[in-house]
Amino acid sequence: MSFCSFFGGEVFQNHFEPGVYVCAKCGYELFSSCSKYAHSSPWPAFTETIHADSVAKRPEHNSPKALKVSCGRCGNGLGHEFLNDGPKPGQSRFIFSSSLKFIPKGKGTSASQEP
């Protein structure tokens with residue numbers, strides 16, 4: 001089952017610099033680069049959010065093992081969370097496409113200042 005179409009140009013797939021990924025629409029902090037990991041999909045994959053309310057989730061009607069994910073602040077559609085499909089047993093995998101913006105460490109968000 002395909003959830004997203006691959007159009008190429010997913011700039012964050014192999015991007016592993018220290019920093020924070022924020023919502024491209026409102027700038028809310030979503031993921032730390034520390035939670036990003038290499039994955040075979042063409043989109044960036046993360047294991048956890050920065051804040052408990054970074055994202056909102058709702059069931060994906062086509063798959064009981066996936067949730068649609070949107071920005072917890074503005075509601076911008078971000079991608080999907082695949083339940084129990086992370087790098088370790090019991091972890092979920094978040095995947096996103098062009099809905100993210102990267103802020104390098106030390107450049108503007110409180111979370112990007114973390115070691």
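## Close-up views of the aromatic cluster and nonpolar cores

Phe31 has a relative accessibility of 0% and therefore counts as buried. The model shown in these views is predicted.

**View 1. Phe31 stacks on Phe46.** The two rings form a stacked aromatic pair. Their centres lie 4.4 Å apart, with 15 degrees between the planes. Phe31 belongs to strand E2 (residues 29-32) and Phe46 to strand E4 (residues 45-46), so the pair ties together parts 15 residues apart in sequence. Phe46 is also buried, because its relative accessible area is 0%.

**View 2. Tyr21 and Phe102 form a tilted pair.** The structure holds 3 aromatic pairs. In the pair of Tyr21 and Phe102, the centre-to-centre distance is 4.9 Å and the planes are 55 degrees apart. This pair links distant parts of the chain. Tyr21 sits in strand E1 (residues 19-23), Phe102 in strand E9 (residues 100-104), and 81 residues separate them. Tyr21 has 0% relative accessibility, so Tyr21 counts as buried. Phe102 has 14% and counts as buried too, because the cut-off is under 20%.

**View 3. Four rings make one aromatic cluster.** Tyr21, Phe31, Phe46 and Phe102 belong to this cluster. The view brings together the stacked pair of Phe31 and Phe46 and the tilted pair of Tyr21 and Phe102.

View 4. Ser32 lies in strand E2. At 18% relative accessibility, Ser32 counts as buried, because the limit is under 20%. The side chain of Ser32 reaches the backbone nitrogen of Cys34 at 3.0 Å. Leaving aside residues up to four places away in sequence, Ser32 touches Gly19, Phe46 and Ile50.

**View 5. The largest nonpolar core holds 13 residues.** In soluble globular proteins, nonpolar side chains tend to be buried together. Which residues have the most contacts inside this core? They are Tyr21, Leu30, Phe31, Phe46, Val55, Leu78 and Phe94. Strands E1, E2, E6 (63-71) and E9 each supply at least two residues of the core. Tyr21, Phe31 and Phe46 are also members of the aromatic cluster.

**View 6. Another core lies apart from the largest one.**

Key. Residues are numbered from 1 along each chain as its sequence is written. This is a predicted model: local features need pLDDT of at least 70, side-chain atom pairs count only at pLDDT 80 or more; totals for chains, interfaces and linings use all residues. Side-chain values use heavy atoms; hydrogens and water are left out. Rings of Phe, Tyr and Trp (its six-membered ring) pair if their centres lie within 6.5 Å; planes under 30 degrees apart count as stacked, over 60 as edge-to-face and the rest as tilted. Helices (H or I, at least four residues) and strands (E, at least two) are DSSP runs, numbered from the N terminus. Buried means under 20% relative accessible area, exposed over 50%, partly exposed in between (1.4 Å probe, protein chains only). A polar contact is a pair of N or O atoms within 3.5 Å; within protein, one must be able to donate a hydrogen and the other to accept it, and residues adjacent in sequence count only if both atoms are side-chain atoms. Contact means heavy atoms within 4.5 Å. A nonpolar core is a set of buried Ala, Val, Leu, Ile, Met, Phe, Trp, Tyr and Cys residues joined through side-chain atoms within 4.5 Å.
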